[in-house]
Amino acid sequence: MQSVPEQIVIIGAGGSIGGALVDHYATQPGVKRIFAFSREGKPFSSDLVQSFKLDYYDEAAMADAAAHLDEVGGVDLMVVTTGVLHTEDIMPEKALHDLTAHKFETLFRIDTIVPALITKHFIGHLRPDSESVFAILSARVGSISDNNLGGWYAYRCAKAALNMFIKNTSIELARKHKHQCIVGIHPGTVDSPLSKPFQAHLDPKKIFSPALAAQYVQKVISDTKPEDSGKIYAWDGKEISP
Ligand SMILES: NC(=O)c1ccc[n+]([C@@H]2O[C@H](COP(=O)([O-])OP(=O)(O)OC[C@H]3O[C@@H](n4cnc5c(N)ncnc54)[C@H](OP(=O)(O)O)[C@@H]3O)[C@@H](O)[C@H]2O)c1
């Protein structure tokens with residue numbers, strides 16, 4: 001982005017990285033307003049932040065929520081930070097025999113369909129006349145060429161599909177608004193409920209706090225140019241191949 005985003009939308013603000021991004025941007029000079037959407041309408045202490053409830057499974061509610069932005073006059077940055085790896089009744093598959101339709105349907109619903117529908121309803125509110133960015137948190141494990149370990153079938157496939165959605169949307173966006181850009185970002189391994197069950201064998205130095213991850217995500221976003229649209233970047237700014 002050429003300049004500091006003045007008006008920002010974060011969808012998924014109730015999560016660890018989403019909440020840290022709201023807190024982080026609220027301290028950045030030049031930021032004027034942050035619209036924080038989450039299922040519970042999580043409140044934030046900064047006066048710059050307005051919190052809203054959003055039901056990610058209700059398209060009419062998404063359309064209504066996005067319509068509120070009509071009066072705002074253009075958003076510079078939107079970040080979608082929703083996503084799950086496990087739920088109360090789902091743990092990632094270690095092998096093919098763990099795979100079920102329920103796991104696939106649930107993770108595709110949450111990790112692919114929800115961000116796709118959010119994009120459908122919100123992206124039209126990005127500022128069209130200057131560089132603006134729509135970022136979605138993805139994951140390195142969604143890369144097909146980078147897959148050396150296997151496992152985690154539903155999550156990997158749902159994030160790979162999300163990456164295709166990001167590429168597809170970038171093509172449509174480029175035809176309509178040359179200044180706008182959509183990218184996916186892998187935030188690194190971040191200390192959150194999502195990664196908690198898988199942290200035991202990891203080097204603690206390689207697990208970022210949500211606050212540090214938010215700084216890295218902001219750096220990737222601020223370095224993003226319109227010609228980067230459709231790509232997936234890691235927390236360190238390196239592109240992840242599909
Ligand atoms: N943590 C990591 O190590 C890591 C690594 C790679 C990629 N990521 C990606 O980063 C993103 C955020 O992860 P996080 O670590 O911040 O996780 P988190 O703290 O567990 O937050 C989960 C997020 O997903 C949303 N969510 C939870 N259950 C949902 C459901 N049933 N349907 C729809 N949305 C639901 C939450 O929405 P509310 O905001 O409404 O509460 C929240 O925004 C995810 O896309 C994840 O795949 C994380």
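Q: How do the residues of the shell around the ligand divide into nonpolar, polar and charged?
A: Start with the classes: Ala, Val, Leu, Ile, Met, Phe, Trp, Tyr, Cys and Pro count as nonpolar, Asp, Glu, Lys and Arg as charged, and the others, Gly among them, as polar. Here the shell around the ligand holds 12 nonpolar, 13 polar and 1 charged. Keep in mind that this is a predicted model, in which local features need pLDDT of at least 70 and side-chain atom pairs count only at pLDDT 80 or more, while totals for chains, interfaces and linings use all residues. Residues are numbered from 1 along each chain as its sequence is written.

Q: Which residues around the ligand come nearest?
A: A residue is near a molecule if its C-beta atom, placed from the backbone, lies within 6 Å of it. Of the 26 residues around the ligand, Gly12, Gly14, Gly15, Gly83 and Ser192 come nearest.

Q: Which helix gives the most to the shell around the ligand?
A: Helices are DSSP runs of H or I with at least four residues, strands are runs of E with at least two, and both are numbered from the N terminus. H1 gives the most, with 3 residues. H1 and H3 each supply at least two residues of the shell.

Q: How many residues of H1 are buried?
A: A residue is buried if 20 or more other C-beta atoms, placed from the backbone, lie within 10 Å of its own, exposed if 12 or fewer, and partly exposed in between. In H1 (residues 16-26), 9 of the 11 residues are buried, among them Ile17, Leu21, His24 and Tyr25. The buried residues pack against strands S1 (7-11), S2 (33-38), S3 (49-53), S4 (77-80) and S5 (132-137), and against helix H5 (210-223).

Q: At what angle do the axes of H1 and H5 cross?
A: Axes are lines fitted to C-alpha atoms, for helices over the stretch in contact, and angles run from 0 to 180 degrees between N-to-C directions. The axes of H1 and H5 come within 8 Å and cross at roughly 70°. That makes H1 roughly perpendicular to H5, a term for angles of 65 to 115 degrees. The residues of this contact divide into 8 nonpolar, 5 polar and no charged.

Q: How do H3 and H4 pack?
A: Helix H3 (residues 101-122) and helix H4 (residues 153-176) pack at about 20°, with their axes 8 Å apart. H3 and H4 are therefore roughly parallel to each other, the term for angles under 35 degrees. Their contact residues divide into 11 nonpolar, 3 polar and 3 charged.

Q: With which residues is Ile166 in contact, leaving aside its neighbours within four places in sequence?
A: Two residues are in contact if their C-beta atoms, placed from the backbone, lie within 7 Å. Ile166 lies in helix H4, and beyond those sequence neighbours its partners are Ile136, Ile182, Val183, Gly184, Gly230 and Ile232. The C-alpha atoms of Ile166 and Ile136 are separated by 8.2 Å, although the residues are 30 apart along the chain. Ile166 counts as buried because it has 25 C-beta neighbours inside 10 Å.

Q: Where does Trp152 lie?
A: Trp152 lies in the loop between S5 and H4. Its phi is near 50°, a positive value in a residue other than glycine. With 23 C-beta neighbours inside 10 Å, Trp152 counts as buried.

Terms used: Angles under 35 degrees count as roughly parallel, over 145 as roughly antiparallel, 65 to 115 as roughly perpendicular and the rest as oblique.
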